[in-house]
Amino acid sequence: MNYYFGILCLAGVLSSGLGQYNQLEQRNCIIPKILQGSWFSWEVGLPTQTVIDATSMSQRGYCINYERHHGSEYSFVFKERSKDCYHCVKTIIRTLNVFEKFEGPCVGLPPGQEPTVENVCAGIKDDQQLITLFNENFVPINCRSSLEGVWHFTYQNRFRFTGVCDKPDARIQSCQTAGTQFLIQNQKFNITYQRCEGMEGTFSGNVEFSCLGDWFVGKNHYFAVANTKESRKDEKYRCFLKNRDDDLYVGVSITAECNTLKTPETSPERLKLTPVKAEFVEPGCTLPQNFSGEWVNTANIDADVSISETHINETYYPDKARYRKTIYVCRERRGNRVMMARLTVDGCQKDYVCFDFMPRHHNIIRYRKGLAVIKDDFSTVCSWVQFPNSDAWKYDLFLARNPVPVRCPVAGKFNFTQRGEHPFKTRILGGVTLSPRPDIHCKQNISDLSVCDTDQKELAVDENYCLSVDHLGRPVDIYSDPDYRMKCIGFWKENLKSYLITYDDLDPLSKYRCWVYQRADLNRVLMSQAVGAFCKLEQDVTSWNHSEGAAVAIDAVEYERERDDCPMYFDDGLNPWKPSDASNIVFDWDFYRAGAASLEGKLTIIAFSAYMVRRLAAH
């Protein structure tokens, strides 16, 4: 009797100790609060409900160990009370309302081996199928980061019908109401489907979704939604997929899971979006007539700009989407300031922006843009306080898409030295020559910068130029071409710096290049070329590296020879609106039909005009 009583006591002690050990394990493993709650998922083709509290997970047991990896990834070890094995569950928190998991089977461990994450999760691979879990008591999230705008769409469903359903009234409406006190308006969007005749499986109806948040996996942009009018849980939750490089195609899941979405093109349901302008604003003023045309906005990653009498249409191409388009409508103009209504084609909100334009000169429009406000009032929108109030600033640029060359502000023949991260190099324009060039003996080679054409509108750079001449003083090398040919398209002076814009069709980085130039002596010019179409505020004539936005700096000294016929010229750009003295003067000679007195008067005027042109050129 005492023997059996001793065995019962020992079993009670062991049971009590094991219970205390289990409680100790549970106290050491606390599941993060963001994972706690009731979750719905679609697993192995069946709807599944999972309940997670601070220490346990339904159908998996209580938590005995966990590890937190980088970011919001966790690995948990669970043990069921009725089984002598362990479950490993790896979770990835996507949003407040969504997390994904992948897990392995219940595994047993050899005697004496600790149930650590490393031991229990050893058989799980990182490329396993992810299972998406949706919070049944979700908290809606603002939709702006997921989907914003008004679109027409076509759709196809590979499991219901073949072909593409395209109806003009099919719409996606995801509009944000700025400043609304009802936040739910910004936390949902509508999709209006239209039925296509002859295509079974299409339907007409309006579906309203609440946004549950979004996340990125590489370039894939996922966002989860919940149908607000659906009570069936397996039909309530859906996933959408966009790609950052081409976000006009959207993939949609037809079940409550995201793992069926790999690319928008292979998704069960695919939408093709076309932006639709949400509002119409009537113009109230006109822009200067010489603004009309096609331009490039250097302040917005070389955006395409089309200007008409009343509108500015700007299309730019960011790294994370196909394109974005903004429309500005002229509302009120006073002097150089123009108040414009701003409409984003893929957005819903209308606001107002003020532009401060400088009069156009050459192929350039200089401007400043103020802050966007919601009020349609000129005194508010175009108040000077709306413009960035920096200690140092400069105007942004619109450059003509098809520029007409102008006379360069620097002309002559120069011997230059260079310093920079991207210096001028020897190259052959147009590739291999048609015939071999004659072999000449060159006593001296220099780097040459020349503006010697008839109208002095083209800047030519030859990195390795033969300076030798024959016994008559004529250049020996008459067959070589320059390495670079750049057309001058505009110049001006701003912040005590002279700026020049050149255009080169063959430039692989940017057809437009900005220069800072300065006359350092009677026959010496300093120039710094920028890496792109605009010059940074810090760039000056000595800048040569990317820290100041420069590619190369050159120090040029004039060296015109007797037969070069390349006079030196310099204009600091203080008044870029003055007419160039290089323009052609056309005489109609109608005065021959008049008398001698008229002829004498005309000749006097012509002589005086020529005298004034020479005086201006000298100055």
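**Strands, hairpins and a barrel**

Me: In which sense do strand β13 (residues 220-227) and strand β14 (residues 237-243) pair, and over how many bridges?
Reply: Strands here are DSSP runs of E, at least two residues long, numbered from the N terminus, while helices are runs of H or I with at least four residues. Two strands pair if DSSP finds at least two bridges between them. For β13 and β14 the sense is antiparallel, and the number of bridges is seven.

Me: Before we go on, what kind of model is this?
Reply: Side-chain values use heavy atoms, leaving out hydrogens and water, and residues are numbered from 1 along each chain as its sequence is written. Local features need pLDDT of at least 70, side-chain atom pairs count only at pLDDT 80 or more, and totals for chains, interfaces and linings use all residues, since the model is predicted.

Me: Back to β14: which residue there is the bridge partner of Val-225?
Reply: β13 covers residues 220-227 and β14 covers residues 237-243. In β14, the partner of Val-225 is Arg-238.

Me: Which strands make up the closed barrel?
Reply: The barrel has eight strands with antiparallel pairing. The order is β9-β10-β11-β12-β13-β14-β15-β16.

Me: What about strand β6 (residues 86-93): how many of its residues are buried?
Reply: Buried means under 20% relative accessible area, exposed means over 50%, and partly exposed is in between (1.4 Å probe, protein chains only). In a regular strand, side chains alternate between the two faces of the sheet. On one side of β6, Tyr-86, Cys-88, Lys-90 and Ile-92 are buried, and so are His-87, Val-89, Thr-91 and Ile-93 on the other. Of its eight residues, the buried count is eight.

Me: Which residue in β6 is the bridge partner of Lys-79?
Reply: Strand β5 (residues 73-79) pairs with β6 in the antiparallel sense over seven bridges, and a hairpin of six residues joins β5 to β6. The partner of Lys-79 is Tyr-86.

Me: And which residue in β7 is the bridge partner of Thr-91?
Reply: β6 and strand β7 (residues 98-103) pair in the antiparallel sense over five bridges. A hairpin joins these strands through four residues. The partner of Thr-91 is Lys-101.

Me: Zooming out, what share of the protein's residues is buried?
Reply: The secondary structure comes to five helices and 33 strands. Out of 619 residues, the buried share is 44%.
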